[in-house]
Amino acid sequence: MNGFFITGTDTGVGKTVVSALFCLALDADYFKPIQTGPAQDHDTPTVAALTGLTPERLHSPAHALPAPLSPDQAARLAGVRLDVAAIDLPRAAPPRTGRPLIVEGAGGALVPIAPGQDMTDLMARFGLPVVVAARSGLGTINHTLLTLEALRLRGLDVAGVVLCGPPDPANRQDIERLGRVDVLAEIPRLDPLDRAALTALVPTLRLPPFPDRAAQSAQVLEWDARHVWHPFTQAATAPAPTHLVRARGATLRTADGRDLTDLVSSWWVNAHGHAHPEVAAAIARQCNTLEQALFADFTHEPAARLAHALCALLPGDLSRVFFSDNGSTAVEVALKMARQYWANQGQAGRTRIAAFHGGYHGDTVGAMSVGRSSGFYAGFASWLFQVDFLPYPATWLGDDGAGQRADQALKELATYLERNRGQVAAVLMEPLVQGASGMNMTEPGFVAQAARLAREHGVLLILDEVMTGFGRTGTMFACQRCGVEPDIVCLSKALTAGFLPMGLTVATESIYRGFLGQTFDRALAHGHSFTANPLGCAAALAGLELFRRENTLERIARLEAVHARRLTALAGHPRLTRPRWRGSIGAVDVRVDTPGYEAAVGKRIKAFFLERGQYVRPLGNVFYMMPPYCLKPGELDHAYDTLEEALESLE
């Protein structure tokens, strides 16, 4: 759709007159989504008088609120709850008519619409280039530059500025130079302010070209097809990737204008919602302070503060934080810690690593070795070191054999540890949920008993909470739900609220002290160029604060209640088996002749959801949902409705 969104540096700066000028110049329709103030002060009649547009081209506001206040304040006085996601373009508006559309905002760019939403969110929703109306006189440079900065920090396309008032060449020049923006027009005081006077200014308006979104997207997809190698994708058979241009909350926006509900947290990393303004602002602040530090020789406040905050949240004596880049490297560091710790203690014979069947721990060589049984690494088998794999007692709703399998698995673990006494360095586990191998879930009691056995045999317990950490299973960390205090824990994914790559390996004080000495050979010789990157640390700190302030664990509990209710109801479905859930994660297997990661049913269900504006990525015949915590329970219910429809389509 072609058109512009007209905003201002403040209220009363001339947005309505600028909107009318653009309507005249483009023969465009007009729409003011939110109007506040008494009827006699509404802007639509003013635009009608200045342009002569007929009523069908003057689209009624989505909300008209009587108090002359900000939309949020006016709505609260009226007992109304506004929501940007519920404000749509008028049904009769472009592109149906082929005419451009001019949308006028209310107040300035950051005027609040609802808690956590402001006018820039509405601009992003409509996707139109933004024109800023500003005063021409004293004070305009500061106000205009601040507005431009706010718009650009939110990824909005600024088309230009229109100055209203007596022409001031110096201010115009400074705004163009300092704001790196074109002044599209100057509207002097018009007396009288009428259609004829405004029409006379049309030739002076420097109309920017409308962006060709379709051509831009085609170029991106062409570059992608020519140069990009996508992860976990067979490019010879996979469909072309979808071009995303924006995301907010639980919604992904595609280049062709579709909105998709993200039901998998964009590969399990997003926590509080995409583009959360407070996390984005924290990163922006840090960008202008310290963007990178060589962490072997320096420290900085975001890293130290983050380490302090996490150690206060983690159970037991987990008090030493080693920074890395992602989940795989967090696991690599943990394995190195375990191996070298025992060597430093004079127990070089403790070299064995035990892991569990089905566990997935990443794609670097060490992580592949401990995740060999997940089935993804056949092509690299000769590279991988020896790991001892033990049974993982997965369970589900209505599983009568769960207790027996857990007892047998614990018996085998105890036998293994006793048989290899003095040889095992560590036991590694994904607590409660094995993610990539099929959302296999076990009981907290099994994790607790496995931890007890490791402790009794003097073996280090490593918990891979790359996926389960930061609320996914209902508590901040899965180990807390199990009542377990590991020796080492691996963290990543939601650590930075899904904004930036970062991994952490957190160890106890006793393990840390095992690396101290007078020679470097006792030190942990591991590091990454972007270790403890300040931007990632700032994002992580902002994400932790949101857990506290937004009562995120309560949100997760509400999502878990939906999973429990809907999966229990689906337990008897003939096409489904093994319903299970933990926290924000819900999963169920679709019955097929040949189950596994390559089962075609997953692709069919994925396509069915996409057609209905929802994004899922089944693990073969394992269907799961793991949404951002901002998703509303009703939206998760709707996703389950889609699942039921998808199952009907498989018949």
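Reader: Is K32 buried or exposed in this structure?

Author: Buried means under 20% relative accessible area, exposed over 50% and partly exposed in between, with a 1.4 Å probe and protein chains only; K32, at 4% relative accessibility, therefore counts as buried. This is a predicted model, in which local features need pLDDT of at least 70 and side-chain atom pairs count only at pLDDT 80 or more, while totals for chains, interfaces and linings use all residues. Residues are numbered from 1 along each chain as its sequence is written, and side-chain values use heavy atoms, with hydrogens and water left out.

Reader: Which residues is K32 in contact with, leaving aside its neighbours within four places in sequence?

Author: Contact means heavy atoms within 4.5 Å, and on that basis K32 is in contact with D43, H59, P61, A62, E104, G105 and A106. The UniProt annotation "active site", from an unreviewed entry, covers K32, although such annotations may be inferred rather than shown by experiment.

Reader: How do the axes of helix α19 and helix α21 cross?

Author: Helices are DSSP runs of H or I with at least four residues, numbered from the N terminus, and axes are lines fitted to C-alpha atoms over the stretch in contact, with angles from 0 to 180 degrees between N-to-C directions. Here the axes of α19 (residues 552-569) and α21 (residues 633-650) come within 9 Å and cross at roughly 25°. Angles under 35 degrees count as roughly parallel, over 145 as roughly antiparallel, 65 to 115 as roughly perpendicular and the rest as oblique, so α19 and α21 are roughly parallel to each other.

Terms used. Helices (H or I, at least four residues) and strands (E, at least two) are DSSP runs, numbered from the N terminus.
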